[in-house]
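Reader: Could you walk me through this structure, slowly, as I'm still new to this?
Author: Of course, have a look at it first.
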Amino acid sequence: MAKYLLLKHYRGAPAAVNDVPMDQWEPDEVSAHLQYMRDFATRLEGTGEFVDSQALSPDGTFVRYDGEGRPPVTDGPFAETKDLIAGWMVIDVETYERALELAGELSAAPGAGGKPIHEWLEVRPFYGEQSTATG
Amino acid sequence: MNESLPRELVPAVIGVLVRRGADFAAAEDAVQDALVEAVRGWPDDPPRDPKGWLVTVAWRKYLDAIRADTSRRRREERVEAEPAPGPGEARDDTLRLYFLCAHPSLTPASAVALTLRAVGGLTTRQIAQAYLVPEPTMAQRISRAKRTVSGVRFDQPGDVATVLRVLYLVFNEGYSGDVDLSAEAIRLTRQLATVTDHEEVAGLLALLLRHHARRPARTGRDGRLVPLAEQDRSLWDTHLISEGVDLLQAALARDRLGEFQAQAAIAALHADAPRVEETDWVQIVEWYDELVRLTDSPVARLNRAVAVGEADGPRAGLAALSGLDPALPRHAAVAAYLHERDGDPQTAARLYAQAARSAPNLPERDHLTRQAARLNAELRAERGPSRGPARRAE
């Protein structure tokens, strides 16, 4: 089994096909979308492939060290062009193909007009544990 | 067997060990070990005297632990000579344990963790699960908290207000994992009420019971948040509500008002209304005035603005809101609500979308997004059948 991060962006990913802000959907379309996401996670728990899922608030700040005895410097929030993570799901699956398949299903979550969003999700493999057989 | 019974005995048993001379940290560890044996063995073989059983086993665990540490030999000899406490002392011990675990030198998170373990008798694993952190992290938090209070005298009196704040924090965490922290906070507040006679303890208990009574109505099918005005009031637990009424009336009769009594009174006025239209908003505003006077809290002022909006109209509500910092949590949501009531759906929709972006949790975010979507859909319908330029992605 190998772990993959399915990363969802507020900004920074290529535009989705059905790209309409959620507050412009019909209220029922919002509910249908949330239900799809819940059902997806429940199904992956059932198949033994679900690890974790978290969502992030959009209010991010960049922080860096600014030298001894000085408070850290902060910057942001940034303008539209910057990358902004919305949340992620971690899955543990047999193959890379399975990770792509699941990301594709997640990207098919319904949006405005009840049609799939076709949202771009980033699939990132985790580094595995060092194998005891080869180490 | 009553499954919570061994946990209920934990504070009193820790008290016995401390009175016999054990330091708090070692006594607490020993009682946790005894508790693990109780949970395993009692269902098949319940003891006739559960507290005596726990004291005996915990004391043996404690002695085993200090025997393993020869440098503590002398203390062991001293403590074995200590007499057993009398029956009246268990009550005081329990209260002292609450004070110790909520000691002002502890951070709120440490006080919560220590209270759940030493007063509530939960395991570190259960507490870690409830707060969604790894077990070793929670174990460290608890042992650091024990070190922090190690110099505090066990019999030192404390301030009940600090204990109440800790219990309120526990309650607000709700439930995740297999521990229902709201129910646990109520149990611990009930237990506190039996060992101390304080009107704010009764006030907090009344408040928690009211909130808990509404819990079945607060979450709709598919897990969505149902706001107070839309809740099915027949789902409210009338038994818990009437228990809260009695507690609050007895507390208020003592004429020493505090913030939890005031909050419980506000919750009571909501609970008294069989339909949301029958809510006595004028009285609720008066209680918020009391709460603002008692706490000077900006959150109380924000909630007061909502109540003013209901009692005197949305314009009055917006006026009450105008002096408050827009960075306050839920400020945008309150402003959105009042603007919608004031007949300005454009502003309301914009503010609901803004509120969704700064929501503190997902159910609230989703609820606020739906509110924005509802208003935007109504605005589109007014403009005509075409989905129009508002549909363009931003």
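Author: What follows covers one chain and then its interface.
Author: This is a predicted model, in which local features need pLDDT of at least 70 and side-chain atom pairs count only at pLDDT 80 or more, while totals for chains, interfaces and linings use all residues. Residues are numbered from 1 along each chain as its sequence is written, chains are lettered from A in the order in which they are written, and side-chain values use heavy atoms, leaving out hydrogens and water.
Reader: Okay, what secondary structure does chain B have?
Author: Chain B comes to 20 helices and two strands, where helices are DSSP runs of H or I with at least four residues and strands are runs of E with at least two.
Reader: And how many of its residues count as buried?
Author: Of the 394 residues of chain B, 49% count as buried, that is, under 20% relative accessible area with a 1.4 Å probe, protein chains only.
Reader: New topic: what area is buried between chain B and chain A?
Author: About 1,700 Å² is buried between them, with carbon and sulfur atoms giving 49%; buried area is the accessible area (1.4 Å probe) that two parts lose on being put together, summed over both.
Reader: How many residues does each chain bring to that contact?
Author: Chain B gives 22 residues and chain A gives 22 residues, with contact meaning heavy atoms within 4.5 Å.
Reader: Which side chains meet there in a salt bridge?
Author: The rule finds one salt bridge across this interface, and R380(B) and E26(A) meet in a salt bridge at 2.9 Å, N to O; the term asks for a side-chain nitrogen of Lys or Arg within 4 Å of a carboxyl oxygen of Asp or Glu.

Conventions
Buried means under 20% relative accessible area, exposed over 50%, partly exposed in between (1.4 Å probe, protein chains only).
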